[in-house]
2 protein chains.
Amino acid sequence: MAIHKKSAFTQKEQDLANFAKAMSHPARIAILKVLAQRNECICGEIVELLPLAQSTVSQHLKELKTAGLITGTIDGPRSCYCINWKAFEKFNSEFNFLFAKLKVNNARTNGSSGRKKACC
Amino acid sequence: MAIHKKSAFTQKEQDLANFAKAMSHPARIAILKVLAQRNECICGEIVELLPLAQSTVSQHLKELKTAGLITGTIDGPRSCYCINWKAFEKFNSEFNFLFAKLKVNNARTNGSSGRKKACC
DNA sequence: TTCTTTAATCGTATATTTGCGATATAAGAT
DNA sequence: ATCTTATATCGCAAATATACGATTAAAGAA
């Protein structure tokens, strides 16, 4: 492509998109589920559970960490990962806020006493 | 990469990832917001509001439609788009379900009477 | 029919993502 | 000091995503 256009959108739009992007791979969804079940987890445990090579899992963990969805701390020769609940709840509520706002707008313009859609 | 590994994960994990993927670009977030505000919208109106070429917007609309987040119907020489509320709510609740499940697990294993995290 | 309008699709260039093996790093064990 | 374990990073290949201009298609207007 010629030039990146992502910066032409609002920060909130970019934040939501970045959050969604971090969740946009089944391996990363699976990692989050494992972290939730075990509360905390070292890389090797996740590698055993996923059908991916160690280096690939490490890369997915790095992406989740960069996006702020998980935290990782060095524990001797290991790395211990946890879900960053604060960030997760923040993005979850932002997502719900967008969704709720959309629903309200939809009800206002297309409710029982509102106009009908011309199409769709 | 050598081979696709996405199919090695569960259907629910793939569904959630696909939904997140559809939301993973600020242009598509912006499109959803426009569709919500106007209830329904033709392609040209969206093109005027976004800093992207017509062909690019059309491509984003196609991705949202393929992911099932919006519907599109032909209206003469125009195409009218709407948010597919049912699919949107379904995925939203699935997302919330995952999040709630994670939160419950976290409270159970790390609540006021539970054990502390060893790291993070 | 021909012209205009609207949108989808094609072709192309470039950027990013995904995945793995190999290597590097870092810390504890011997 | 050397070995082992655990993980991050590098380098590469292949697949996807992003963006645009040009073209095509489809329907109403002249």
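Two exercises with worked solutions follow, on a predicted model.

Residues are numbered from 1 along each chain as its sequence is written, and chains are lettered from A in the order in which they are written. In this predicted model, local features need pLDDT of at least 70, side-chain atom pairs count only at pLDDT 80 or more, and totals for chains, interfaces and linings use all residues.

**Exercise 1.** Describe the sheet of chain B and the helix that lies across it.

*Solution.* Begin with the strands, which are DSSP runs of E with at least two residues, numbered from the N terminus, as are helices (H or I, at least four residues). In chain B, 3 strands form an open sheet in the order E1-E3-E2, with antiparallel pairing, where two strands pair if DSSP finds at least two bridges between them. The edge strands, each pairing on one side only, are E1 (41-42) and E2 (70-75) of chain B. Next, follow E2(B) to strand E3 (residues 78-83) of chain B, with which E2(B) pairs over 6 bridges; here Ile70(B) stands opposite Ile83(B).

**Exercise 2.** Work out which residues build the contact between chain A and chain B.

*Solution.* Start with the count: 41 residues come from chain B and 41 residues from chain A, contact meaning C-beta atoms, placed from the backbone, within 7 Å. Then turn to the elements of chain B, where H5(B) gives the largest share of the side that touches chain A, 8 residues.

Definitions and conventions:
Contact = placed C-beta atoms within 7 Å. Axes fitted to C-alpha atoms, helices over the stretch in contact; angles between N-to-C directions.
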